[in-house]
Amino acid sequence: MDHMDMDPRIWSGLPDHLLERVLSFLPLKTFLSLRSTCKHFKSILSSPLFISKHSSSLSSSSSSSLSSFILLSHPQFPHNKYPLYNTVTNSWCPVSLSIPSSTLKCSGNTTLLTSSNGLLCFSAPDSYSFVVCNLLTKSIRHVKYPFRPFAFELLTLVAVPTAPNNNNNNIAAYKLFMLSSSAAAAALVYDSEAGAWREYAAGGSAALNGTRHQNGVFFDGRVFFATSRPFSVACFDLEMGSWERSALGLLPPGGGGDEVAFARLVSDGDRRMYLVGGVGVSGISRSVKVWEYIYDREDGTNRWAEVETLPEMLCKKFLSVCYHNYEHVYCFWHKGLICVCCYTWPEILYYKVCRRTWHWLPKCPSLPHKWSCGFRWFSFNPQLYANV
């Protein structure tokens with residue numbers, strides 16, 4: 001039978017709900033390439049039918065048609081270009097991600113600060129704002145600074161799935177947490193649902209001196225921070241708007257006089273939180289360990305359970321990279337990986353939780369032979385239904 005094109009008059013006369021039904025059967029990547037065809041096609045992304053059809057398939061990592069990436073920011077790369085490492089294919093992408101200021105709809109330079117569940121957050125000082133964007137849907141929001149001049153630190157973007165336990169990964173709202181760098185060091189929280197800032201008393205933020213390179217991690221409704229010596233855990237309850245010194249004390253490993261030399265927290269944002277720490281004497285690490293937070297529901301007690309020690313050869317390389325300057329060490333979670341990074345080194349040391357194995361992520365091939373410091377890595381998991 002000869003192929004016959006459908007009369008355009010038939011297409012133009014189709015009711016919207018039937019057109020949406022037909023288009024919903026397209027592969028997601030194919031439809032995303034067509035969204036620039038017309039405004040109506042782009043609006044279908046938020047239609048109930050399209051959401052119900054694709055959100056269930058995207059909720060499972062095994063069936064997702066979208067890759068996940070580790071994104072690299074470095075001063076020697078062209079401005080607003082970010083190399084991507086594909087953690088599905090375990091390879092560097094041949095083309096860097098380009099995010100020009102025109103895409104973010106702001107003037108002047110922008111700096112990528114943090115990421116969470118498909119959302120990226122930039123600072124745009126010339127516009128006196130933060131820019132939160134979903135690159136997959138090309139949607140953005142400008143969040144004006146709460147006041148001017150405004151200096152901040154420890155910015156943490158919290159974008160939590162609506163119902164992660166029910167395999168619903170839709171991001172309906174998010175919060176920006178940070179500390180004001182003023183003498184008062186107040187905690188500031190922006191709520192995307194309310195579209196407003198709230199300011200809270202400094203409280204326990206004074207204990208965070210010396211943790212300026214490590215953002216907070218979200219777990220159990222709170223933003224957690226590992227404080228410097230004496231090591232402990234401080235947290236901020238986002239709902240109550242209050243600080244508390246957590247019962248999750250960072251207990252140094254027993255025996256041999258060893259102690260914690262540095263400590264970093266990592267969380268998947270939902271079910272698990274880990275502690276990565278250097279262990280040694282006189283503030284010098286001789287080994288690196290990973291602990292998992294365990295909560296015993298029967299007796300209501302908390303503890304850190306040791307789960308892994310970095311193998312000796314990998315540990316020697318990592319500690320030589322740090323050269324006892326642990327201020328430059330930071331960690332983040334990415335799709336079942338605990339990533340341990342250093343601002344001065346072009347490779348990531350990562351721990352694959354499910355297999356209990358350690359690996360080095362290879363150096364970016366586009367990095368100049370003579371590179372400088374300033375390596376900043378981010379987890380980037382494109383999400384279709386992460387609202388800004």
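Me: Is F150 buried or exposed?
Reply: F150 is buried, because its relative accessible area is 12% (buried is under 20%, exposed over 50%, partly exposed in between, with a 1.4 Å probe and protein chains only). The model is predicted: local features need pLDDT of at least 70, side-chain atom pairs 80 or more, while totals for chains, interfaces and linings use all residues. Numbering starts from 1 along each chain as its sequence is written, and side-chain values use heavy atoms, without hydrogens and water.

Me: What about F130, buried or exposed?
Reply: F130 counts as buried, with 0% relative accessibility.

Me: How many aromatic pairs are there?
Reply: The structure has 27 (Phe, Tyr or six-membered Trp rings, centres within 6.5 Å; stacked under 30 degrees, edge-to-face over 60, the rest tilted). One of them is F130 with W197, which is tilted, at 6.2 Å between centres and 50° between planes.

Me: Where do those two sit?
Reply: F130 is in strand β8 and W197 in strand β13, 67 residues apart. Strands are DSSP E runs of at least two residues; helices are H or I runs of at least four; both are numbered from the N terminus.

Me: And how is F150 placed against W197?
Reply: They pair edge-to-face, 6.5 Å between centres and 65° between planes. F150 lies in the loop between β9 and β10, 47 residues from W197.

Me: Which rings form the cluster?
Reply: Ring pairs link F130, Y145, F147, F150, F152, Y190 and W197.

Me: New topic: how do β8 and β9 pair?
Reply: They are antiparallel, with six bridges (pairing needs at least two DSSP bridges). S129 has K144 in β9 as its bridge partner. Four residues separate the strands in this hairpin, and K138 has a positive phi near 60°.
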